[in-house]
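The report below walks through a model at the place where its chains meet. Please look over the sequence and the structure before reading on.

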Amino acid sequence: MATMTMVQALNAAMDEMLTRNGDVVVLGEDVGYFGGVFRCTEGLQRKHGRTRVFDTPITEAGIMGIAVGMAAYGLRPVAEMQFADYIYPACDQLISEAARLRYRSAGEFTAPVTVRAPYGGGIFGGQTHSQSPEAIFTHVAGIKTVIPSTPFDAKGLLISAIEDDDPVMFFEPKRLYNGPFEGYHDRPVVPWSRHPASEVPEGHYAIPLGKAATVRSGAAVTILAYGTMVHVALAAARDAQVDAEILDLRTLVPVDIEAIEASVRKTGRCVIVHEATRTGGFGAELSALVQEHCFHHLEAPIERVTGWDTPYPHAFEWEYFPGPARIAEALRRVMEE
Amino acid sequence: MDAPLPCPAPLSLHVPEPPQRPGSEIDFSALSVPPAGAARRPDTDCSAADMTDLAYDLVRVLDDEGHAVGPWAPALDPDTLLRGLRSMMTVRAYDERMQRAQRQGKTSFYMKCTGEEAIAVAQGMALDRADMLFPTYRQQGLLIARDWPLADMMCQVYSNAGDRLKGRQMPVFYSSREAGFFSISGNLGTQYSQAVGWAMASAIKGDTRIAAAWIGEGATAEGDFHHALTFASVYRAPVILNLVNNHWAISSYHGIAGGERTTFAARGLGYGIPSLRVDGNDFLAVFAATRWAAARARANLGPTLIELFTYRAAAHSTSDDPGKYRPENAGARWPLGDPIDRLRRHLIGLGIWSEARHEALGQEVAAAVQAAGKEAEALGTLDKGPFHSARTMFEDVYKTMPWHLERQRRQAGI
Ligand SMILES: Cc1ncc(C[n+]2csc(CCOP(=O)(O)OP(=O)(O)O)c2C)c(N)n1
């Protein structure tokens with residue numbers, strides 16, 4: 001086993017799949033010779049050739065439409081959107097076409113496309129390089145939505161996504177590309193090389209879609225989180241000294257309702273964390289699910305800690321971000337009930 | 001069923017690849033550069049079909065000796081020429097200082113336009129102050145040509161207490177309604193159809209102002225480029241559609257955007273839009289072409305597409321290392337030269353300029369940039385502040401703050 005950053009783990013997943021399956025192709029802006037602006041596809045073109053890994057024109061709509069056509073032929077395209085913020089032009093092809101192709105053709109045609117997109121804040125990207133648009137896609141029938149939080153998960157989940165026969169939106173927390181993020185902007189970042197979750201096995205392994213991970217066991221309160229926020233939630237639980245159980249959802253659609261239900265029934269309390277804006281966010285769906293499934297077990301109102309309902313500002317990232325302090329405060333609040 | 005037609009060989013996919021990569025010799029010999037003065041200058045009411053040659057040719061005015069030649073040479077007075085030179089030099093000095101500030105951690109990001117200064121400066125000067133400009137992140141020269149205060153631009157780069165955009169935009173995403181400079185988006189190409197919409201609105205209202213838009217050759221693959229051309233052509237919108245072909249879109253050379261088999265200017269022909277291909281490193285050619293297009297728009301003759309043929313001499317941005325995908329120092333070998341150098345030689349040839357005066361101007365410009373830098377830094381930098389109050393984060397999301405934002409603001413304790 002080797003220690004890897006998330007970037008290296010994602011690269012290893014694509015490398016593995018390109019090697020194993022001649023139908024896998026990787027396409028996107030700058031992914032070929034250069035290896036992607038975040039270096040996730042570095043070396044793949046050199047190794048697998050220019051018609052398996054290639055640069056595209058700058059048109060997200062085009063990339064998505066071409067990927068659907070390739071998938072209809074029988075390939076398994078892995079399409080990169082350079083930033084999740086730039087996925088909106090691709091939405092018609094993704095939402096109206098890829099997501100419904102199986103349904104409308106009664107299974108005659110399918111679109112097993114994996115769409116990779118770096119998302120989230122914490123890199124001073126302003127309002128066009130920081131968004132977390134996952135909820136938009138969880139609202140679309142026919143797409144699966146996946147978000148890893150560690151290098152180990154990133155590789156195993158990406159392999160599952162590429163092997164999956166449905167279109168998968170795969171959001172990569174770019175703040176975690178090179179090391180975990182605990183949400184303290186004034187403290188040094190620990191690199192992945194010193195984190196247990198940076199051990200990534202060689203070769204093929206798959207983490208099933210739809211299965212959450214318990215990243216911290218506890219009895220007092222359940223924290224539901226995904227992506228970057230898993231690490232911030234861990235820091236918050238430490239700071240608040242609360243016996244919190246933290247679930248990393250890993251897949252938002254289909255979400256692991258059994259894991260959520262088991263945990264909330266045990267703890268009786270639930271705090272939901274995401275960095276996307278609050279209104280209509282995936283937290284609202286999670287809150288409704290918990291209410292439906294665990295109402296009689298709840299000892300306190302469900303809390304949501306999220307980004308504010310404003311675009312992401314350049315200078316005020318740390319005020320925007322749901323940092324450990326805001327999560328800790330919510331933990332204390334639910335514990336008072 | 002019919003038998004399939006015989007196929008001589010298995011199909012293969014063509015993936016364009018630039019002629020040179022890191023480590024290889026820089027070689028621009030495949031580039032055909034027509035002589036200055038050779039391109040004809042049609043009347044402004046010429047149709048797209050009657051000027052197809054100009055979408056493949058290259059309008060050039062300044063020859064190798066710095067003389068202005070041919071039908072496109074604009075008769076500019078010395079004062080205008082010197083203002084152009086000063087603005088281009090200011091852009092370069094400003095870029096240098098801001099790039100250094102980024103390296104010093106005073107801001108998060110910066111983008112230079114080295115080698116492309118003639119485009120924004122000449123075009124900014126060739127248009128009316130009241131016309132509306134829809135730029136990309138590489139036309140800081142438009143603001144400078146319109147004498148917008150450098151300190152104000154720097155405050156935006158620093159997101160500091162003096163930033164009129166209240167720390168919301170990434171550095172270089174300026175906005176100034178007063179300067180006729182539309183708010184820059186990070187989403188490539190979106191400004192292009194907006195510019196056409198603005199121009200159509202101006203026509204609907206019987207206004208006299210026109211619009212101009214800029215886009216990179218890479219971003220022409222975005223849908224907005226094509227939507228813009230369709231609307232501009234259909235409604236004969238009074239707009240100048242500029243397309244800056246600086247040969248590189250981050251790591252992807254112009255062949256990936258479709259530049260291998262045709263020119264970008266030729267894109268306009270299919271829409272029936274008169275299209276020009278212009279030497280973007282030639283201040284006089286850029287100025288003349290822009291005036292020509294503006295005259296068309298003002299005479300209600302509709303849109304013009306101008307491909308500005310240039311080279312991105314510096315990195316894409318401070319996050320980019322061009323040495324990873326192209327030969328080192330390719331920009332210095334660009335056959336069309338450096339825009340500032342070329343105008344300097346022209347002015348010296350005219351007898352209105354000298355090396356000594358050029359050097360003095362260089363120092364004057366550097367001093368002005370430095371003074372503006374001090375002024376801006378006194379109002380804060382991204383690493384240290386001061387900033388606007390974080391409270392401003394909740395403002396301007398809507399015209400009046402709805403209850404949920406008011407509540408979130410209080411929850412944030414600000
Ligand atoms: C919709 C969208 N997709 C991708 C990006 C990422 N991106 C930023 S700049 C750039 C290259 C643009 O190249 P070009 O249009 O040629 O302009 P240049 O930077 O060369 O001036 C890319 C791909 C973006 N900003 N917006």
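## The interface of the two chains

Across the interface of chain A and chain B, 14 residue pairs are in polar contact, both residues at pLDDT 80 or more; such a contact is a pair of N or O atoms within 3.5 Å, where within protein one must be able to donate a hydrogen and the other to accept it, and residues adjacent in sequence count only if both atoms are side-chain atoms. On the side of chain A that touches chain B, strand E3 (53-55) and helix H11 (317-320) each supply at least two residues, helices (H or I, at least four residues) and strands (E, at least two) being DSSP runs numbered from the N terminus.

## Basis of the model

This is a predicted model, in which local features need pLDDT of at least 70 and side-chain atom pairs count only at pLDDT 80 or more, while totals for chains, interfaces and linings use all residues. Residues are numbered from 1 along each chain as its sequence is written, chains are lettered from A and ligands numbered from 1 in the order in which they are written, and side-chain values use heavy atoms, with hydrogens and water left out.

## The ligand

The ligand lies between chains A and B. A polar side-chain atom of B:Tyr137 lies 2.7 Å from an oxygen atom of the ligand, and a backbone N or O atom lies 2.8 Å from a ligand oxygen atom in the case of B:Trp248 and 2.9 Å in the case of B:Gly218.

Technical notes: A residue is near a molecule or strand if one of its heavy atoms lies within 4 Å of it.
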